[in-house]
Amino acid sequence: MIGASMNLTDTEVAAAAALAGAEVVRARYGRLHSRIDKGAGDFATDADLAAEEAILDVIRAARPGDAVHGEEGGRQGAADAEREWLVDPLCGTLNYATGSQLVAVNVVLRNGPAAVADPFSGEVFLADGETARVRSGVLGEERPLAPTADTRLVDVNLDPPFPSAPGFRAVDLLAHPGFVENFRPRVVSTTLALAWVAAGRRAAYVTDGGDLSGSVHFAAGIALCRAAGCVVTGIDGGPVGRGGSGLVAAADAGTHELLMSMIGGRGRTG
């Protein structure tokens, strides 16, 4: 079994790890969960911890020389490891703890393949760096992701902190007359929304923040959107990365340009 797992591609390792975490999340849904306070109103549950351990078991078996940075356990592995996996075992912990199924499990090799699993639909969204696809059903049928803005639905992250205020505040975007005329807002409070942009279920996703390219929460979704052909920038219109500011992931250039005109950025793609 170990030898077989080591023969998997990085994309398949990401998928297997994300699905292992998703299985734990699904199995523990609806229970009374213990909470671990992380400060500033944030917390983890026993499901977060168990899902992360399941994910790490898969990665350790398949890629024993790689480092792993998990949201709950921090960085583990050799300090000089050339490769690092970023793991968010349960994105949407508050949703989950209060009985909502709007959550995601994110696994990505830094600057490499990524997987975003939806524990309750059974879907896993995959990116190999060049293409993006979704796998679903008991037979694991796959189809390519095709971003489109047809739904006109835009997910906006309203969770604090708001480091770009007062220059940018998500609530101001929602109140913009142009937003009301062109889009309909959604707030799911999980980066599953990024997978939905890549899949054509959302026109765009907008969040405040700093450099999110190396975030365990966002890196997998960013990789997925880029591989699918979405337009991905910071809220300032610049590239997502060091010195970046938040995230705008749009299905196409026209949607991105329209949102940037409301945000006040310069609309540069990256």
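**Close-ups of a predicted model**

**View 1. Five strands line up in an open sheet, in the order β12-β11-β13-β15-β14, with mixed pairing.** Keep in mind as you look around that this is a predicted model. Which strands stand at the edges? They're β12 (184–186) and β14 (231–233), and each has a single partner strand, so one side of each is left without a neighbour in the sheet. Neighbouring strands here are turned against each other by 15° on average, if you ignore direction.

**View 2. Here's the pairing of β13 with β15, which run antiparallel.** β13 takes in residues 204–207 and β15 residues 247–250. How many bridges join the two? Four. To find your way along the pair, look for Ala204, which stands opposite Ala250 in β15.

**View 3. Helix α9 packs on the sheet.** This helix is made of residues 253–263. Which strands does α9 touch? It touches β13, β14 and β15, and the helix direction makes about 145° with that of β15.

**View 4. Now for Leu90, a residue in strand β5 (residues 84–91).** Is Leu90 buried or exposed? Its relative accessible area is 1%, and buried means under 20%, so Leu90 counts as buried.

**View 5. Let's meet the residues that Leu90 touches.** Leaving out residues up to four places away in sequence, Leu90 touches Val25, Thr45, Ala47, Asp48, Tyr96, Val103 and Ala104.

Methods:
Residues numbered from 1 in each chain as written. Predicted model: local features only at pLDDT ≥ 70, side-chain atom pairs only at ≥ 80, totals over all residues. Heavy atoms only, no water. Pairing = 2+ DSSP bridges. Axes fitted to C-alpha atoms, helices over the stretch in contact; angles between N-to-C directions. Contact = heavy atoms within 4.5 Å. Buried < 20%, exposed > 50% of the residue type's maximum accessible area, 1.4 Å probe, protein only.
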